[in-house]
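Biologist: I have a structure open and would like to go through it with you. Can we take it piece by piece?

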Amino acid sequence: MRHEGVRIHAVGQKGRGVHRRIADAVLAAAPGDRVLVAPGRYAESVVLPRGVTLAAEHGPGSVLLSAPPGAPALAVDGPDCAVHGVVVEGATPGEPAVSVAPHAGLVMTDCVVRGGRFEVRGAAADQAAHERGLVPGTAVLLRGCRVEGAAQAGLYLSGGATVRLEDVTIGGIDGTGIVLSGTARLDAVRLRLDGTTGSAIRLRGTARLKLAESVLHRTGRSGLLLEDGSHASADDTRIDAPGEAGVHVTGSAQADLVDCRITGSAASGLVVRDKGRLVARGCAVVAPSANGLLVADSAGAELTDCRIDRCGFSSLHLAGTATATLTDCRVRGGSEHGVHLTGESRVNLSDCRIADVTMNGVSVTGQAAATLAGVHITGGENGVRIASAAGSTVVNCTVSGVSRTGVEVAEGAGATVEGTRVTRTGAAGIVVDAKAEVRVDGGSVEDCGGCGVVVWTGARPSFTGLRVERPAKNGFFLAQGAGGVFASCDVVRSGFPALHVGAGADPVFRGCRTHDCADVVGLDDGAAPVFEDCSFGETAVPLPTTPAAPPAVDAKRPEEDVPEESLADLLGELDRLVGLERVKRDVGSLVKLMQTVRRREDAGLPAPPLSRHLVFAGNPGTGKTTVARLYGRLLKALNLLRVGHLVEVDRSDLVGEYVGHTGPKTAAAFTRALGGVLFIDEAYSLVPLGGGTDFGLEAVATLVKLMEDHRDDVVVIAAGYPADMGRFIASNPGLSSRFTRTLLFEDYDAQELVSIVEHQAREHRYELTPAARDALTTLFAAMPRDAGFGNGRYARQTFQEMTERQAQRVAELDEPTSTDLVTLDVRDLPGS
């Protein structure tokens, strides 16, 4: 049969003039002939030895070509072959269902290949042709086809094979979706690859891949895996939920990505190792379980106009001698750092934005170095933390809204900071740690929650032209033994003295100015600053280099000649406190126990084990501070404390704003309490809720050591809400052995609150009428006991409000009597 010059060979299960087997029709066909196959299942292996077209007569899916065991269903051995609309089924998933031999050619449209892989083999000669830039002999085009149900690989290209895929779907592969080896070439557009146990596409040797407008979805391993010297380019491609990395480049391979999106990878979004290279433009990496971009060994990456969001680890992590350049990129969210450099890696960030990461915006460690230009960092702990001596630079950058320090240069590290703005930090603006080598030129520090600039012991930085505005504490804080040169710097409206110079510090301030500051300079004993042509306020008078102001921290200890107090009088004072019956019994028992301890010691007998440290658990306003103060005086009366005074602190008094500050700050507070009681209010705030790292844990560890070193000269009372104090005690093993006794401060009932008001009235010479007393009882009984209830504090506030209302009422009387002046009645109650 001929049709428009083309011979037609018919194949069918029945009928006259047709072949019963497809192979018989192909054998009878000449090059250019067409084989039309009637609907049905054909269990045979078909070989196309020459340019024959094989087509399903009634359209796609009507013909099933099923392979016998040990052979592919379709083997293509000749050039210019074509297959349309046929379902090709392999006998074994791990064997070829379709096999294309070297130098053969095939166009396949609207077909399904299942139960075996699609294999295209190129010859060694084809590889040589590739290397010379010549067109290889093995070429395949698949259009509108589907490959499914194979094992090991869905599509396998080797040698110098060249394949183009258009609108092809590959899925359900127990192994890798597509494998390219040798010098194979694959050009795929609108490929959809869904559901593989291995990688979506794997390249080996010097294989080449071009991918466009495609989707790689739910792969068991990487989306794209490039090995050896292979190369892949992907344009407008999505890689969703890969089981490992979205794109993994190893060996000396290279990947070029344009407008791609990698979402939800189970490992890092982009991984570049060995000597691999990655170039990405306009891409997005969203919610990877690990890093957004991981570059290791001696690999390199270059990203332009890319976005990395919500990473499980650091958004960018560099290790080894890796390098990366990021231009106009955005990093947002993430559980660790925005950019984390380790080893001897190098990064160059230009015009990038890093927002709301959990830890540091940029963290540089080891011997790594970063060059930052025009980078904006918002949120997170520290903006930039440099802990490497390799020499990083921060130029024309902005750091804002971080919870701790804007720019921190750690001990022994080196950095240059130019034209950079630091604003709204929770702690210091810029911190220079011990022995760090830092040069700061220009820029500003604004509205920081701590000091504008902190220079730690042994550091001697150079600051020129920095403007510090509205710091909550000092403009420049130089710790003991610090130094450096500070030229043409300004401090505006500082909360503490504009400049604080510690003992032994010898900085040079040249041409510096202060404006509207709480004070100009605070000098510790032994400070030796030099002031040259400085202008402080309106005086323009240089300050002397000898101490002229008291220390910034008042470390004065209480005098030890406190008058002796009677133990009986102190116990009577305790007993007169309103309520707290359980606490009074507990304190009374402790006093008796300690009396016995003292008598044993006086008799030359060993004292039994006794921890005097206490936990006070109770809601606000339940008298914890009052009892703590009495407890110290009781111990003084028992000769168990030298002074018995109370030093009250909270988290802000113990926890520093930057690395290395917490230990000395905690020790200073502890030293003030020696001989008496250290009362830590809201002690649980030292322990971060839900675990994690925090400077508060350093304060706890310091306290434990100091409590051991001074076990006989201080008592520590940790106070806070009952539900939270267990978390504090459990935060450090040393606390549970030292805090063995908890006193529970129960909320005051209505009658006890009325008694507190009456006590306040007697002290201030007021009298409550019986009706006012009854009304107060009703008011306190109806008061909600929620988290905002203040117990005794609320009672005292109520008394104050009553006196204010009474004063307004009496002022309207023409001739008030003495009784009017002292009487508080129902009209004076809040809300009356």
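Biologist: Which residues does Arg809 touch, not counting residues up to four places away in sequence?

Modeller: Arg809 touches Thr823, Asp825, Arg827 and Asp828. Keep in mind that this is a predicted model.

Biologist: What joins the side chains of Arg809 and Asp828?

Modeller: A polar contact of 2.9 Å joins them.

Biologist: Where does Arg809 lie?

Modeller: Arg809 is part of helix α13, which covers residues 792-811.

Biologist: Is Arg809 buried or exposed?

Modeller: Arg809 counts as buried because its relative accessible area is 18%, and buried means under 20%.

Biologist: And what separates Arg809 from Arg114?

Modeller: Their C-alpha atoms are separated by 95 Å, and the two residues are 695 apart along the chain.

Biologist: OK, the whole chain then. What does the C-alpha trace span along its principal axes?

Modeller: The C-alpha trace of the protein chain spans about 130 × 70 × 70 Å. The radius of gyration is 40 Å, whereas a compact globule of 832 residues would have one near 28 Å.

Biologist: How many helices and strands does the protein chain have?

Modeller: The protein chain has 14 helices and 73 strands.

Biologist: What share of the residues is buried?

Modeller: Buried residues make up 53% of the 832 residues. As for the surface, the chain exposes about 33900 Å², and carbon and sulfur atoms supply 50% of that area.

Biologist: How many positive and negative side chains are there?

Modeller: There are 83 positive and 100 negative side chains. The centres of the two sets lie 7 Å apart.

Biologist: What about contacts between residues at least 24 apart?

Modeller: Such pairs make up 47% of the contacts between residues at least 6 apart in sequence.

Biologist: Let's go to Thr109. Which strand does Thr109 lie in?

Modeller: Thr109 lies in strand β12, residues 105-109. Thr109 is buried, with a relative accessible area of 10%.

Biologist: What does Thr109 touch, leaving out residues up to four places away in sequence?

Modeller: Thr109 touches Val83, His84, Gly85, Arg143 and Cys145. With His84 there is also a polar contact of 2.6 Å between the side chains.

Biologist: How does Thr109 sit relative to Pro60, and what separates their C-alpha atoms?

Modeller: The two are 49 residues apart along the chain, and their C-alpha atoms are separated by 8.9 Å.

Biologist: Next, Glu95. Where is Glu95 found?

Modeller: Glu95 is in the loop between β10 (86-89) and β11 (96-100).

Biologist: Why does Glu95 count as partly exposed?

Modeller: Because the relative accessibility of Glu95 is 44%, and partly exposed lies between under 20% for buried and over 50% for exposed.

Biologist: What does Glu95 touch, apart from residues up to four places away in sequence?

Modeller: Glu95 touches Gly116 and Arg117. Glu119 is 24 residues from Glu95 in sequence, and the C-alpha atoms of that pair are 9.0 Å apart in space.

Biologist: Changing topic. What is the phi of Asp259?

Modeller: Asp259 has a positive phi of about 55 degrees, although it is not a glycine. Most residues other than glycine have a negative phi.

Biologist: Where is Asp259?

Modeller: Asp259 is in the loop between β29 (254-258) and β30 (261-263). At 42% relative accessibility, Asp259 is partly exposed.

Biologist: And what is the phi of Asn396?

Modeller: Asn396 has a positive phi of about 55 degrees and is not a glycine. Asn396 is in the loop between β47 (392-395) and β48 (398-400).

Biologist: One more loop. Is Gly475 buried or exposed?

Modeller: Gly475 is buried, at 0% relative accessibility. Gly475 lies in the loop between β57 (467-469) and β58 (476-478).

Biologist: What does Gly475 touch, not counting residues up to four places away in sequence?

Modeller: Gly475 touches several residues, including Cys451, Gly452, Val468 and Pro497. Gly429 is 46 residues from Gly475 in sequence and 9.4 Å from Gly475 in space, C-alpha to C-alpha.

Biologist: Last one, Thr176. Which strand is Thr176 in?

Modeller: Thr176 is in strand β19, residues 169-180. Thr176 is buried, with a relative accessible area of 11%. Among the residues Thr176 touches, not counting residues up to four places away in sequence, are Gln152, Ala153, Ser199 and Arg202.

Conventions. Residues are numbered from 1 along each chain as its sequence is written. This is a predicted model: local features need pLDDT of at least 70, side-chain atom pairs count only at pLDDT 80 or more; totals for chains, interfaces and linings use all residues. Side-chain values use heavy atoms; hydrogens and water are left out. Helices (H or I, at least four residues) and strands (E, at least two) are DSSP runs, numbered from the N terminus. The radius of gyration is taken over C-alpha atoms; the globule rule is 2.2 Å times the number of residues to the power 0.38. Buried means under 20% relative accessible area, exposed over 50%, partly exposed in between (1.4 Å probe, protein chains only). Contact means heavy atoms within 4.5 Å. Accessible areas come from the Shrake-Rupley method with a 1.4 Å probe; for residues, only the protein chains shown count as cover. Lys and Arg count as positive and Asp and Glu as negative; His and the chain ends are not counted. The place of a charge is taken as NZ of Lys, CZ of Arg, CG of Asp or CD of Glu. A polar contact is a pair of N or O atoms within 3.5 Å; within protein, one must be able to donate a hydrogen and the other to accept it, and residues adjacent in sequence count only if both atoms are side-chain atoms.
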